[in-house]
Amino acid sequence: MKQKPKLSFWQIWNMSFGFLGIQFGFALQNANVSRIFETLGANIDNIPILWIAAPVTGLIVQPIIGHWSDKTWSRLGRRRPFFLIGAILASIALIIMPNSPVLWVAAGMLWIMDASINISMEPFRAFVGDMLPSSQRTAGFAMQSFFIGTGAVVASLLPYMMTNWFGFSNTAPEGVIPDSVKFSFYVGGAVFFLAVLWTVIRSKEYSPEELKEFEDHSEDAGENDYSETGPEIKKSFRIGIISFVVGGALSLLFYYVHVEKEVFILSFGLMAFGVFEALSALLQQRKVKNGYTSIFNDLNNMPLAMRQLAIVQFFSWFALFALWIYTTNGVTADKYDMGVDQQMVKFLNNQVDNLEAGNKIDTARAAELRQEQEAYRKYIENGEKASARVNLVKFYLSDHIFEEKEVLEVLQNRLNNIEGKQKDERIVELLQELEKQENRKSPDVPYEVLKDVNQLAGEGLVTLPQNMEDKFPYYIRLKEIRKNYNDGADWVGVGFGVYNGFAAIFAFFLMFLARITNRKITHMISLLVGGLSYLAIFWVQDTSWVLLLPFVGVGLAWASILAIPYAILTGSLPQNKMGVYMGIFNFFLVIPQILAASLLGFMIKFWFAEKAIYALVLGGISLLIAAVSVLFVKDED
């Protein structure tokens with residue numbers, strides 16, 4: 001039978017280039033959505049439940065898109081129409097997302113954005129299996145890893161660059177997304193669309209007739225979409241019923257022991273799978289043939305290598321989800337100065353009393369604030385670090401201590417009244433910065449200005465009104481905490497850029513390593529390095545370039561996760577079901593993410609006293625388990 005011809009380097013480049021845009025959007029989402037959720041008022045332990053959009057949409061969308069693209073042929077081919085549709089929708093979502101006025105809108109936009117990204121991304125995986133012979137598939141997926149890393153490094157750095165290179169503010173009033181994040185998403189939307197459009201225009205696809213000529217197509221074990229026998233159908237039905245019963249029992253258990261609501265995702269997910277599996281079995285028993293029964297039939301008849309890889313992917317993606325959700329919160333709280341002391345807690349409690357007495361907040365909101373501040377007091381009494389949650393800080397800085405306009409006017413007045421101010425460059429610079437804030441719709445006096453004014457007050461050059469003098473040190477400290485959080489969040493973005501950048505470099509190293517060893521050994525080494533790197537992020541306390549070193553090791557694991565499992569998988573798949581099996585393989589990326597969203601928030605809150613950094617420890621252990629699991633995979637190609 002006819003062999004697929006080898007493609008040139010530039011042909012592989014063009015067919016993979018769209019992943020530059022896909023990962024541009026994906027990296028912006030990973031590095032900034034938790035920040036957006038927190039800005040709009042989400043509690044740290046509720047963030048995983050909001051992130052559930054990403055895995056759930058992938059679970060639903062990818063197998064459907066894979067099935068449709070297997071059976072589609074148009075003037076653009078069978079995969080490229082889905083590239084283009086997904087790119088258009090994702091680009092629009094990237095522009096809308098940072099302008100979300102409230103939390104539920106942001107959560108809804110995440111669902112839409114992730115569904116759109118999945119529409120583009122799933123056919124790209126099958127595209128490599130369609131177009132490349134076995135000998136080039138590792139190179140094809142490695143090229144995708146290169147573009148994923150290249151796109152993500154720039155996207156992860158964008159908020160930092162917007163702030164430090166182009167002067168966009170990385171702070172904003174309570175409930176408002178900083179301009180640095182907004183404009184990063186706008187750039188991301190444009191790059192996503194243009195990169196995918198390049199692949200659509202510059203690549204081609206084999207027609208169904210051409211695919212039939214290639215050697216592996218006629219040998220497909222999956223030529224019949226509805227091949228389950230009577231005993232297999234009964235087995236599927238039993239699995240469905242057992243899953244539903246177990247899920248229901250867990251739901252009752254969770255209800256009676258009063259677990260957090262996100263844990264119910266696990267039990268409800270089992271029940272939902274049980275219903276869908278049993279329904280598919282009943283339909284097949286009645287000889288009903290459609291896409292729904294076909295997908296479940298393929299799921300129940302996965303090749304052996306795919307089942308073995310599923311275990312590796314499960315532990316790998318549990319770790320990745322922990323990284324994406326908790327790195328910002330963990331690093332900022334653990335390694336940056338966001339601590340409060342007993343005097344600050346006492347001051348904040350007095351503020352709550354005054355706000356409640358003045359009817360500026362209701363009783364329920366006052367109770368929430370007191371509860372959180374009581375937790376800080378207990379940490380301090382136990383000798384532990386009490387890191388202020390950024391939403392609490394932003395609440396008090398949103399005119400709940402001083403009105404920003406009032407502070408602005410007082411400082412301008414006092415600085416202008418200093419004798420000989422024209423001779424002091426410090427005062428001139430401070431007045432210029434205050435003038436910039438005066439011209440903004442929502443002025444926000446920066447921490448650096450307040451610190452300098454406080455220094456001038458210590459020198460006796462500035463005096464503050466009596467109604468401000470006692471509160472001013474606490475006000476400055478809260479501004480400092482907010483600045484430290486934003487600096488830490490930006491540095492995490494740099495770290496994400498580092499791991500994605502090195503993933504692009506390591507993509508070519510993986511091809512070399514796989515040639516001199518094999519794909520299994522290559523993937524095992526990469527996951528081991530990644531797991532140890534997660535643990536290093538927990539251990540390193542230096543917030544300079546030293547903190548970025550572990551992200552290099554994460555980059556090696558990320559490059560391998562994006563390439564090697566798919567290169568192994570495609571050798572075991574029937575050609576005419578490449579798309580649907582790539583979509584089903586996504587289950588084993590999605591299920592661990594759903595599990596992480598169900599359990600990580602609960603574990604961080606009740607096991608680790610809300611110290612998010614421990615999520616990275618769990619992630620590191622998970623990657624080490626994945627590395628061992630690789631040894632049991634059969635590489636058939």
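User: What percentage of the 637 residues in the chain is buried?

Analyst: Buried residues make up 58% of the 637. Buried means under 20% relative accessible area, exposed over 50%, partly exposed in between (1.4 Å probe, protein chains only). This is a predicted model: local features need pLDDT of at least 70, side-chain atom pairs need 80 or more, and totals for chains, interfaces and linings use all residues. Numbering starts from 1 along each chain as its sequence is written, and side-chain values use heavy atoms, without hydrogens or water.

User: Why is the chain called as compact as a globular protein of its length?

Analyst: The chain has 26 helices and zero strands (DSSP runs: H or I, at least four residues; E, at least two). Its radius of gyration is 27 Å, close to the 26 Å from the globule rule for 637 residues, so it is as compact as a globular protein of that length. The radius is taken over C-alpha atoms; the rule is 2.2 Å times the number of residues to the power 0.38.

User: Which residues form the positive surface patch?

Analyst: K234, K235, R238 and R307. Patch residues have over 30% relative accessible area and no salt bridge, with like charges joined within 9 Å. A salt bridge is a side-chain nitrogen of Lys or Arg within 4 Å of a carboxyl oxygen of Asp or Glu. Helix α10 (residues 230-256) gives the most, three residues.

User: Why does R307 count as partly exposed?

Analyst: R307 has 40% relative accessibility, so it counts as partly exposed. R307 lies in helix α13 (residues 304-335).

Terms used. Patch = residues over 30% accessible without salt bridge, like charges linked within 9 Å, V, L, I, M, F, W, Y side chains within 5 Å. Areas by Shrake-Rupley, 256 points an atom, 1.4 Å probe, with all protein chains shown as cover. Lys, Arg positive; Asp, Glu negative; His and termini not counted. Charge placed at Lys NZ, Arg CZ, Asp CG, Glu CD.
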